[in-house]
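Please look over the structure below with this briefing beside it, moving from one topic to the next.

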Amino acid sequence: MLDRREWLKVTAAASAAFALPGCSGAGEAGGAAGTASGAGTAASSGVAEMAGVTLRTIPSSGEQIPVIGLGSSATFSQVARSEDVTAIREVLGALVEHGGRLFDTAPGYGASEEVAGQIAAEIGLTDEIFWATKVNVAGRGGGAADAAEARAQIERSFERFGVDQIDLIQVHNMGDPPTQLGIVQELRDEGRVRYMGITTTSEQRYPDIMEVMRTYPLDFIGVDYAVDNRSAADEVLPLAQELGIGVLVYAPFGRSRMWSRIGDRPVPDLAQDFGADTWARFMLKFAAAHPAVTCVTPATSRAEHMIDNLGGGVGRMPTEDELAQMVAVVEALPEA
Ligand SMILES: NC(=O)c1ccc[n+]([C@@H]2O[C@H](COP(=O)([O-])OP(=O)(O)OC[C@H]3O[C@@H](n4cnc5c(N)ncnc54)[C@H](OP(=O)(O)O)[C@@H]3O)[C@@H](O)[C@H]2O)c1
């Protein structure tokens, strides 16, 4: 088991591979109101000086959180269910150490929720993390959720994180909103949950999520949005802005899709102007530049990628003109 001092050494090694870029601080496009500088342990860890990750405001409360977080399906969940979960320790450590806070998970992501909760407790990070999880016990085909089962699933999340209050619970994949959002709303009213929301990453469900956004007092939605997957910007993101609902961006790399499109091509020169020196930062800045977006949550199983990703929240975001050029660059790539 790594203690806090040991993982600081590990993240120091990872940070040598991916330094965060300097913070230019100019012309922030997405409503930033400050920067974060990690959990205040950089000096003691020997990690190179860290620039601040842009903070975004949660519309319903005014609370600020770093614009880049961590997702936990995909490769993260593969590691979580393996025997050696060292990489998860390193990734969670790097998240906090390099200025991130929000961790997006779900009971549906295999062992991710449980392993992250255990490791955060072991390395003393439970209170540093903004815990964003989900609930869904409705059938895959969109059936009804059993209320007792949904409550039991939520109670397991409390146990796994070892907290009395969960920051955000979202109804996963639009599962039975009346039952499950109703339960989360009750918990929010009781103060056991700070924020409530609902997610979809299916364009076919965008009309449904917009209906829910208009009907329930949501704090957040979670939707897919990426430089080559921009449909959410047509109506969903503008509606979130109009209604004052925060947005978590999912699949900013399209999981493996964008990586296979990019191959070994160099990062386009235009990205240098807004400090995106890696493709990950290019894609994260594209998503984070949308003014509706509160936090982008790429998944990773590698500390150096976590640090790379947090760099996507540092410095200015691309302008409208630069965003159009980014789209043109990506449209010229081969299909996945
Ligand atoms: N309906 C929903 O509620 C829903 C649906 C989808 C996603 N989500 C949430 O959104 C999160 C993100 O979406 P996603 O996991 O589908 O995909 P994603 O974040 O778009 O992509 C993850 C992939 O990118 C790689 N990667 C990450 N950072 C990298 C870097 N800096 N350089 C190179 N490769 C990098 C990861 O591999 P490595 O491990 O090698 O870094 C992994 O293969 C999920 O984990 C989940 O928390 C929610």
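A residue is called buried if 20 or more other C-beta atoms lie within 10 Å of its own, exposed if 12 or fewer do, and partly exposed in between, with C-beta atoms placed from the backbone. T300 is buried, because 24 other C-beta atoms lie within 10 Å. This is a predicted model, in which local features need pLDDT of at least 70 and side-chain atom pairs count only at pLDDT 80 or more, while totals for chains, interfaces and linings use all residues. Residues are numbered from 1 along each chain as its sequence is written.

**The chain as a whole**
- The chain has 13 helices and 11 strands, which are DSSP runs numbered from the N terminus (helices: H or I, at least four residues; strands: E, at least two).
- Of the 336 residues of the chain, 51% count as buried.

**The surroundings of T300**
- T300 is found in the loop between β11 (295–296) and α12.
- Leaving aside residues up to four places away in sequence, T300 touches L70, T75, F76, V91, H305, M306 and N309, where contact means that two C-beta atoms, placed from the backbone, lie within 7 Å.
- T300 and S77 are 223 residues apart in sequence, and their C-alpha atoms are 9.2 Å apart in space.

**The shell around the ligand**
- The ligand is surrounded by 30 residues, and the closest are G71, T75, F253, A280 and A299; a residue counts as near a molecule if its C-beta atom, placed from the backbone, lies within 6 Å of it.
- At least two residues of this shell come from each of α3 (74–80), β8 (193–200) and α12 (303–310), and the largest share, 3 residues, comes from α12.

**The pair α5 and α6**
- Helix α5 (residues 112–122) and helix α6 (residues 147–161) pack at an angle of about 30°, with their axes 7 Å apart; axes are lines fitted to C-alpha atoms, for helices over the stretch in contact, and angles run from 0 to 180 degrees between N-to-C directions.
- Angles under 35 degrees count as roughly parallel, over 145 as roughly antiparallel, 65 to 115 as roughly perpendicular and the rest as oblique, and α5 and α6 are therefore roughly parallel to each other.
- In this contact, E113, E114 and G117 of α5 meet S157, R160 and F161 of α6.

**Helix α9**
- V236, L237 and A240 are buried in helix α9 (residues 236–243).
- What covers these buried residues of α9 includes α8 (206–215), β9 (220–224) and β10 (246–250).
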